[in-house]
Amino acid sequence: MPELATLVFYVFSAILILASAAVISVRNPVHAALFLVLAFFSAAALWMLLKAEFLAIALVLVYVGAVMVLFLFVVMMLDINVEEMRKQFRSYLPVGLLVGAAVAIEMLLVLSLAFTKKSDSAGAQGIVVDGSNTKALGIELFTRYIYAVEIAGVLLLVAIVAAIALTLRPRRETKYQNPAEQVRVERDQRLRILKLAAEQPTAVRLDAPAAPPSESSNEGRT
Amino acid sequence: MKDIALVLPEIVLLTLACALLVGDLFVSREAKGRTYALGIASLFLTVICVLSLAGPLDAPAQMAFAQLVVLDGVSTVLKAVMLVASALALIYSWDYLVKHRLDNGEFVALALFSTLGMMVIASAANLLTAYLGLELLSLSMYALVALKRDDRLATEAAMKYFVLGALASGLLLFGVSIIYGATGSLDLATISKSMATVNRIALAFGLIFIAAGVAFKLGVVPFHMWVPDVYQGAPTAVTLFLSAAPKIAAFALAYRLFGEGFLAGVDEWRVVVAVIALLSVVFGNLIAIAQTDIKRMLAYSAVANMGFLLLGISTGTVDGFAAAFFYAVAYAISGLVAFGLLVVLSARGQEVERIEDLSGLNERSPWLALILLISMFSLAGIPPTLGFWAKLTILESLVDAGLTWMAVVAVVASLIGAFYYLRVVKVAYFNPATSQDVLPAANDSAGAVLSINAIAVIVLGMMPTALVGVCAKAVLTALR
């Protein structure tokens, strides 16, 4: 008779695998995103079984609460023709399935050979923590792993810089005024005084057509 | 405090990069050259920091931040070379960037951040640190490739690079998780110690995934699909940057993982690495012959050269790692000349896409043609250039390890490869020029530095002992 925890583990693992398969196989992208939410939930439940309650809650809060909602927005806003994309996907499907199945079976065989006894995996021995898991994690992160945390922080900064650099476009079509520049304008930028050679006044014959304006008079007007 | 002192170069570079990012906002579009110069200056400042912090090459390794970071002779040399290579790439690129309207502050900021990622890899003593450094490097590189966002080829290249890069990171992480399951630690020194007692099958399983991830980052067969497209699609300045320092970082990753972490389990990964290396050397050189686009040709040349580097690692001996180290440095120096020349030519109004675009370069600018000749000879491994000694040390390490047949295959592949390098030289020297405009002589700063770089390839080729000695001594001390 297996323990209850083992049973729960298999139930959530099965849901996780089925949901992940559904993410890449359902037709509707919104459904795919929702299946991804289900997959995250099952993974969080598995973490809960490992007594990693902080990670489980963080996964639900961050991924389900924030990332997936954003993801759904994007999926709904972009009008992607999924059928068009799937046509190409289907033509590769037989080969992909064959290779994928072969690799999966090979990995399964090797791993089942590798980890036959419990002692085969050295694994991290369970560390007994007094008090909350969250506190212990926090202390570890900000003492032992502070360097890694800092690098991860830089990674996020780079992500922001890259996202802005790749998407921010100055709107050239909007005609806005910059008051600071308007105030700072100098006389020389707006007015140019041209010295024109003085012309002798000539008698204008009324019957002659008017002379077309010359180059210099054009310039004087600007 | 001691911990902070040991990572001072990283802190300096990070601070300067952040300052540059903010300061750039207050610089007008016309004066972006100042931000750019500041970026180059901060790289050189970090080099000074690295060198002033370094003890003698054979000093024992110093650990910091609870064994997450290591500072030894190898990390010092790696960091110094990476920083100088990045700085040189930036120096060559400025005119190109102005001409192609890429002269915004983000370019140099992302370049600095990616260099920071490389430095983190160079002194990684833990799988976690190595992975974070790798992601920092890769993320910045994806963005740099995509920076010319209205260009169809560049966007396609960036998409391929990003998707395949994410896949490779996934493979690497999966391998790391298996290794963690088998040894119970992410610390490379602890993993190295427990190698003898762990389950061999689990170990081999994890190592194969890690090898695949590292092979992707090196761009070797069969994980090379992204290399030609990215090299061709990215703006040439980005290709130049990508081809130099990140290759040293990829070597650093391979060295830290396979040299310091998994050397005791060499039997589990030697064959995999050897097969990847031989395939790259053979296919890289063969496919490069068929290329008409010079950037694609140099991409396949990079595949072949990285295969050569892996040959050194596949010996699993200390000499092999030392040879691979020297090879990485030599390739970066020679590659900088080749891509730097393309960038400088482009900035002077001669866009080089196809190999034919170099026709008659000798008539138009004998000096630039000579620089091209030096770089091609060095990449092909023809004496008296640096590339010759790099290939020779790898071959020596192979023969010493009793793998003479692999050395023979590598030599034959290189001989075939010499054909396409010499074809470029032939086009530049003997084909009639398509345009009679005389290119300006190398009198600007980028041209002058490029000349010094090319001369360095020759001078180091004449007297390679010092550089070989530095690489060998650093690796020998670290791996004992």
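What share of the contacts in chain A with a separation of 6 or more is accounted for by residues 24 or more positions apart? In this predicted model, where local features need pLDDT of at least 70, side-chain atom pairs count only at pLDDT 80 or more, and totals for chains, interfaces and linings use all residues, such pairs account for 51% of those contacts, two residues being in contact if their C-beta atoms, placed from the backbone, lie within 7 Å. Residues are numbered from 1 along each chain as its sequence is written, while chains are lettered from A and ligands numbered from 1 in the order in which they are written.

Chain A contains nine helices and zero strands, where helices (H or I, at least four residues) and strands (E, at least two) are DSSP runs numbered from the N terminus. Of its 222 residues, 7% count as buried, a term applied if 20 or more other C-beta atoms, placed from the backbone, lie within 10 Å of a residue's own, as against exposed at 12 or fewer and partly exposed in between.

Between the chains, 24 residues of chain A are in contact with 33 residues of chain B. On the chain A side, α4 (82-114) and α6 (146-167) are the elements that give two or more residues, and α6(A) gives the most, with 13 residues. By class, this side has 20 nonpolar, two polar and two charged residues (Ala, Val, Leu, Ile, Met, Phe, Trp, Tyr, Cys and Pro count as nonpolar, Asp, Glu, Lys and Arg as charged, and the others, Gly among them, as polar).

The largest nonpolar core has 210 residues, and those with the most contacts inside it are Val145(B) and Ile248(B); such a core is a set of buried Ala, Val, Leu, Ile, Met, Phe, Trp, Tyr and Cys residues joined through C-beta atoms within 7 Å. Helix α14 (residues 318-347) of chain B gives the most to this core, with 23 residues. Leaving aside neighbours within four places in sequence, Val145(B) is in contact with Ala154(B), Ala157(B), Ala158(B), Tyr161(B), Val230(B), Ala234(B) and Val238(B). A second, separate core of eight residues includes Leu36(A), Phe40(A), Ala43(A) and Ala44(A).
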